[in-house]
Amino acid sequence: MFIDFEGIDGSGKTTLSNLLAGRLKKLGYRVAHAREGGELRSSTARRVRELTRDARLLEMSPRAEFFLNLARDAQQLEEVVAPALSRGEVCITDRYLYSQLALSGGGRGLPMSELRPACELASQGLWPDLVILVDVNPDLARWRKRLGKAQSGRSSDGDSRKGLAGAGLAVRVRESFLALAKEDPRRWLILENNDAPLHVLEQRLVDAVVARLEGRDTPVQRIVPVPTTPVHSGPVAVEDVEARFFQALDTVEVREPSLAVWMLGGLPGLLAHQRRLDFVERFPSLTARGLQGLGDDAAWTLREVLAPLSPAQVALGLGGITGARASMMRERLYAQAPSEVLQGLKGDTSPQAWALRERGMKDGRLGDVLLGLSGVDGEESWVVREAGVQRSLYTEVARSLGGLTDERADALREVLLPHDRLAVLRGTQGLDTPVARGLRDALAGKALKLVLRSLTGLDSEEAWALRERGAPKTKEALDSVDGMNDPRAWKLRVEHAKRWPATVLSSLKGLPLGPEARTLISRVLEACPTSLPVLRNAYAVIATASTLDARGTTVRPSRVVAEAATQLVEL
């Protein structure tokens, strides 16, 4: 029997396919997994996959990508799948040719009528007996992917070629998978992976697959496991968001505790801090990382608790925070987490920051110093950049130019373009310079996500035109209006609230909770009352607004959490 798992990135298909393989082996079946442990078994297929993921290959066309992906699957078929089936084994794949139809057709927009014959040729007539589509809310999948990067230590700045297209690609691919399943309901089984514990999903999956292996009919196409904790599905008023979000978070904690910690990241307020206290001992690194942007007493006390346990993540959580308290903590953390400390100095021109940079230079950490130099001007900073160019640290130098708008910065960007266009583009966020405009024009069709992100906070006719063209395709057009109170920003939010509900809400963070914001939040909550990303972002907007008084100054939160955290230090 040939079983294929499909789904968007972050859906959980790799985990579930490996769990199924293990369970079937225990039941006595002979099983071959073509991507056991998440790695393609064919070395040739692995080499091809590296090409299709390489973000530097910006000129690769959707058709070239399609044929490379076909080559990967054809090699897996020849080398792994067909031999396993000929031996009478159950063969499991994590992606097959359906992925190429969904990505190139639904995602990239190539005609399905042209793709199907090529897939038939690659398949040699061999298609799965059962296709398991692991279906998930794309916003939730994105949270899981970010969490995976954080836990594995991978940079959150890294993008595959698919990632450069923006989050809208996953939405379109998911829609294409669902359409393929609808065409062939006897072959496809849809397993929802939104809010049920992994062990429940695993058992339902094993039961369904064993029924097929034993020849028993399984007419139900969609498996929707019942959550172990009741979830309220009624309307959500703005006043109820806090309670509803934390109820939903309790449900998440049961099945994915690390995700629950991750979703607290950056959230202000007493209740969020109380939850962090519950996670300090179990998940110190994730808790520390989640303090980013928070400067209240409770956050600082938690950092004191966490600094000995997870110095690197505490240092990362200091990113964007300046002042004496931050400087003192960075000084303490430098010996254990020099890279994270130096990279977190963006925009910091204080003498203490420059003392740390000089220390980093002496320690041979020029690349880290450059990555923490964004937003810093002055002759001293240019000496460091020139040293970076001399040592061919082009990517780091390009990132160091963030926030700089003068001719000198643009001249250096021109020099760096042949070496790393994406890094140069990342360093133009919020800038309206000739190089920035030229890059956006050149890369809008190749790296739409980064182009739209580079518009954050930018108020120009070109920026609004790019947002309006990009918004139907991907959510990053809405990311770029974060905190903007411009009528065109409100128009964009209202027009695309149905397509990108969670992102529309996150774009309100930092704005007053006025009538216009409340109306939009209510509209989104009415449409998505049980969506965890929507509830989380609605709470973030409301909690942030509530920390500001009428004069716009930050109100100190209750000291209860700070005192509890202090007790942890003493223990």
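Student: Which residue in β3 is the bridge partner of F2?

Tutor: The partner of F2 is C91 in β3. This is a predicted model, where local features need pLDDT of at least 70, side-chain atom pairs count only at pLDDT 80 or more, and totals for chains, interfaces and linings use all residues. Residues are numbered from 1 along each chain as its sequence is written, and side-chain values use heavy atoms, leaving out hydrogens and water.

Student: How do you know that strand β1 pairs with strand β3?

Tutor: Two strands pair if DSSP finds at least two bridges between them. Four bridges join β1 (residues 2-6) to β3 (residues 90-94), so the two strands pair. Strands here are DSSP runs of E, at least two residues long, and helices are runs of H or I with at least four, both numbered from the N terminus.

Student: What makes R108 and E65 a salt bridge?

Tutor: A salt bridge needs a side-chain nitrogen of Lys or Arg within 4 Å of a carboxyl oxygen of Asp or Glu. For R108 and E65 the N to O value is 2.9 Å, so the pair qualifies. R108 sits in the loop between α4 (97-107) and α5 (112-123) and E65 in helix α3, so parts 43 residues apart in sequence are tied together.

Student: Why is E65 called buried?

Tutor: Buried means under 20% relative accessible area, exposed means over 50%, and partly exposed lies in between (1.4 Å probe, protein chains only). E65 has 2% relative accessibility, so it counts as buried.

Student: And why is R108 called partly exposed?

Tutor: Its relative accessibility is 23%, so R108 falls in the in-between class.
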